[in-house]
Amino acid sequence: MNPWLLAIRPKTLSAAVVPIFVATALAKANGFTINWWICISACLSTLCIQIATNLFNDAIDFDKGTDTKD
């Protein structure tokens with residue numbers, strides 16, 4: 001598998017978007033009008049933050065010697 005894809009850790013990305021989906025669903029259920037551009041922007045933003053955090057974590061672990069090629 002591509003090392004970049006492994007470093008992004010796709011299985012952790014749901015932790016970024018689920019709170020956005022839940023908050024949007026609760027707002028919709030309570031009768032609020034949903035601005036879908038804001039919802040989509042929030043999802044993309046949280047995905048980018050999660051990916052950057054995963055990559056940063058791998059870089060720091062590599063510098064400390066925790067992560068190696070193996």
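Buried means under 20% relative accessible area, exposed over 50% and partly exposed in between, with a 1.4 Å probe and protein chains only. This is a predicted model: local features need pLDDT of at least 70, side-chain atom pairs count only at pLDDT 80 or more, and totals for chains, interfaces and linings use all residues. Residues are numbered from 1 along each chain as its sequence is written, and side-chain values use heavy atoms, leaving out hydrogens and water.

**View 1. Asparagine 54 in helix α3.** Helices are DSSP runs of H or I, at least four residues, numbered from the N terminus. Asparagine 54 counts as buried because its relative accessibility is 4%. Its neighbours in contact (heavy atoms within 4.5 Å) are Ala7, Ile8, Arg9 and Thr12, not counting residues up to four places away in sequence. The side chains of asparagine 54 and threonine 12 make a polar contact at 3.0 Å. Such a contact is a pair of N or O atoms within 3.5 Å; within protein, one must be able to donate a hydrogen and the other to accept it, and residues adjacent in sequence count only if both atoms are side-chain atoms.

**View 2. The buried side of helix α2.** Ala16, Val17, Ile20 and Thr24 are the buried residues of α2. Seen down the helix axis, they fall within an arc of 70°, so they line one face. The arc is taken from the directions from the helix axis to the C-beta atoms. These buried residues pack against α3 (36-64).

**View 3. The other face of α2, and what follows.** Exposed Ala15, Leu26 and Ala29 sit on the face turned away from the buried side. Just after α2, glycine 31 takes a positive phi of about 90°.

Terms used:
Helix = DSSP H or I, 4+ residues; strand = E, 2+ residues; numbered from the N terminus.
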